[in-house]
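Hi,

Here is the structure I said I would pass on. Have a look at it first, and my notes on what turned up follow below.

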Amino acid sequence: MATKKAEAPKGKLGVLVVGLGAVTSTFMTGVLMARKGLAKPVGSMTQYDKIRVGKGADKKYLHYKDIVPIAELDDIVFGAWDVYPANAYESAINAEVLKEKDINPVKEELEAIKPMKAAFDKNYAKRLDGDNVKDAKDRWDMVEQLREDIRNFKKETGVDRVVVLWAASTEVYVPIDEEVHGSLEALEKAMKADDKERIAPSMCYAYAALSEGCPFIMGAPNTTVDIPAMWELSEKTGMPIAGKDFKTGQTLVKSGFAPIIGTRMLGLSGWFSTNILGNRDGLVLDEPANFRTKEVSKLSTLESILVPEEQPDLYGHGNDEDTQYYHKVRINYYPPRNDNKEGWDNIDIFGWMGYPMQIKINFLCRDSILAAPLCLDLVLLSDLAARAGRSGIQRFLSFFLKSPMHDYTKGEVPVNHLFQQYTMLKNAIREMGGYEADEEID
Ligand SMILES: NC(=O)c1ccc[n+]([C@@H]2O[C@H](COP(=O)([O-])OP(=O)(O)OC[C@H]3O[C@@H](n4cnc5c(N)ncnc54)[C@H](O)[C@@H]3O)[C@@H](O)[C@H]2O)c1
C-alpha cells in the first residue's frame, strides 16, 4: 500500500448506499439539512475534530479539511439500492428517527432519491419481503447488474467518483471458507457456479463496487470483505475497503471503558451486555442466524483489549474453563422502543486481594443518530484514502468500526482500544496531508 499525499478532489462525489433504511435516511437528511445551514453534523470527526500537526514551536491544531483535501458536503450526490421501493423521504418518515420538521425542509431532494432494485436473496434476511428486487440468473449476473447500476449512476449524475456504503440489514452468518473465499479466482468461480450458500448478496455489491473503481465500506457485521479474495480484488483495483459494523452505542462505550480496567490493572470476571430495540434492524436481528453475525462482531471487542494470556491473574477467571472472563451480548427485539435503543452493561470487576465490585452502565441512545456521522466520516475518509493511493484494508478506519478488519492469515490482531484507534486515525490524516506520523502526547 503506497502512502502519498492525497490528491485534491475534482468534481462531485457519488455516495451509493446499500439499504435505504433508518441509518441511511438519517444520514442523508442530516447532510442535506447541514448543507442548507439548518442542522449541525454533530458527532462527525471530519467536520469538527482538530488534529495537531508539527511539533514543539511548529505545532498547530487544524481541522481535517485544513490538513487533507476532503470532499465538501455540497459535493455529495446520493443514490441507493433497497428491497423496498420507498424513496428517501418516505423512508425517513417511516423510520421515525427524525421529526418531520427536521425532514420537510429537504423533502424534494429526499424524494428524488429512489432506490434501485436490490441484489437480494431472502434466505439471507428472512424477515424482509419487499419486491424491489433484481431478477438475477445467478450470483455473477447480480454482480453484472450492480456494475451496470454504478455505471448508469455515474453517467446520469455526472459524478467524478463513487463510494459504496453497505448500511443494509445484517445478513445471516457466512462462515469464512478457504475453498471459495481464499482467493479471487475461487470467489469468481463460486459466483459463476451460483454458490448461493457461500456467496452472500453483499459480496456481489462489494465485488461490483471494487471492480468499478469504488471504495467499499461494510457498516453491518457481515463477513463480506473479511476474506482474502476481497483483499486481493481491492489491491488489484487499487481501492480501499473498510469494515465492519459501525461502532455506535454499546461497543463504543465498551472500547472506551475497557481501557480504564486495563490501564489500572483491575481484574475482570464478567461483562454482560444487553440491549432492547424495536426498529427494522432489531426485527432482522431477532432471527437467530442473523443475530449470530452480530454476536460474533460484538464479542470480538474486549478480547484484544483485555487479553487473558497476557494477564492471567486479572482476566483469566470467569467462564466454565476458568481461562477467561465471562462475556455475553444479547439483543432483544422490543417494538415500543423503535430506534431508541437501550443498552445495559453489567461489569463484574475485582480489585486488591480479589475483592469484587460492580459497574453498571445504562445507555439510552438513538441508534441512527449515532450511526449517521460514522457514515459521513467513513465515506469521506474512504474517498480521501483512494485519492492517496491507499488500497486494501484501511486499518485507520477501525476507530469507526466494531470489529475492525485485519489480516488473520498473517496472525494480525485487530486494534479495538478506542484511543489507540484514534492515534491510528490521526496519523493516517497526518500522512495523507504530507506530515509525519508521530506518537507525541497532544
Ligand atoms: N444504527 C446503528 O447503531 C448500527 C450500528 C452498527 C451496525 N448497524 C447496521 O446498519 C444496518 C442498517 O441499520 P438500519 O437501522 O438502517 O436498518 P433498517 O432495517 O432500517 O435498514 C436496512 C435496509 O436495508 C435493506 N436491505 C436489506 N438487504 C438488502 C439488500 N441485499 N440490498 C439492498 N437493500 C437491502 C432493507 O430493506 C432495509 O430497508 C444494519 O445491518 C445494522 O445492523 C447499525
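Let me start with a helix pair: the axes of helix H8 (residues 201-211) and helix H9 (residues 228-237) come within 9 Å and cross at roughly 15 degrees. That makes H8 roughly parallel to H9; angles under 35 degrees count as roughly parallel, over 145 as roughly antiparallel, 65 to 115 as roughly perpendicular and the rest as oblique. The crossing of H8 with H9 is left-handed, meaning that the near helix is turned anticlockwise from the far one by less than a right angle (right-handed if clockwise). On the H8 side, Ala206, Tyr207, Leu210 and Ser211 meet Met230, Leu233, Ser234 and Thr237 of H9. By class, the residues of that H8 contact with H9 are 5 nonpolar, 3 polar and no charged.

Some housekeeping before the rest. This is a predicted model, where local features need pLDDT of at least 70 and side-chain atom pairs count only at pLDDT 80 or more, while totals for chains, interfaces and linings use all residues. Residues are numbered from 1 along each chain as its sequence is written.

On the terms: helices (H or I, at least four residues) and strands (E, at least two) are DSSP runs, numbered from the N terminus. Axes are lines fitted to C-alpha atoms, for helices over the stretch in contact, and angles run from 0 to 180 degrees between N-to-C directions. Two residues are in contact if their C-beta atoms, placed from the backbone, lie within 7 Å. Ala, Val, Leu, Ile, Met, Phe, Trp, Tyr, Cys and Pro count as nonpolar, Asp, Glu, Lys and Arg as charged, and the others, Gly among them, as polar.

H9 has another partner. Helix H7 (residues 184-192) and H9 have axes that come within 8 Å and cross at roughly 110 degrees, which makes H7 roughly perpendicular to H9. Here Leu184, Ala186 and Leu187 in H7 meet Ala229, Glu232 and Leu233 in H9. This H7 contact with H9 divides into 5 nonpolar, no polar and 1 charged. Leu233 of H9 is listed in the contact with H8 and also in the one with H7.

Next, H1 and H3 pack at an angle of about 115 degrees, with their axes 9 Å apart. That makes H1 roughly perpendicular to H3, and their crossing is left-handed. From H1, Ala22, Ser25, Thr26, Met28 and Thr29 meet Ala88, Ser91, Ala92 and Ala95 in H3. The tally for H1 with H3 is 5 nonpolar, 4 polar and no charged residues.

Now the domains. The assignment gives domain 1 (13-246 + 368-432) and domain 2 (250-364), with bounds from an automatic or database domain assignment. Their centres, taken over C-alpha atoms, are separated by 26 Å. Across the boundary, 28 residues of domain 1 are in contact with 25 residues of domain 2. The domain 1 side of this divides into 13 nonpolar, 8 polar and 7 charged.

So where is the ligand relative to domain 1 and domain 2? Both domains give residues to the shell around the ligand, so it lies between them. The ligand is surrounded by 34 residues, the closest being Gly19, Gly21, Val23, Ala220 and Arg280; a residue is near a molecule or strand if its C-beta atom, placed from the backbone, lies within 6 Å of it. Helix H1 (22-35), strand E4 (76-82), helix H11 (280-285) and helix H14 (367-387) each supply at least two residues of that shell, and H14 gives the most, with 4 residues. The shell divides into 19 nonpolar, 10 polar and 5 charged.

The peptide bond from glycine 243 to lysine 244 is cis, with omega near -5 degrees, and lysine 244 sits in the loop between strand E8 (240-243) and helix H10 (250-263). Glutamate 96 has phi near 55 degrees, a positive value in a residue other than glycine, and lies in the loop between helix H3 (88-95) and helix H4 (107-111). Most residues other than glycine have a negative phi, and most peptide bonds are trans.

Cheers
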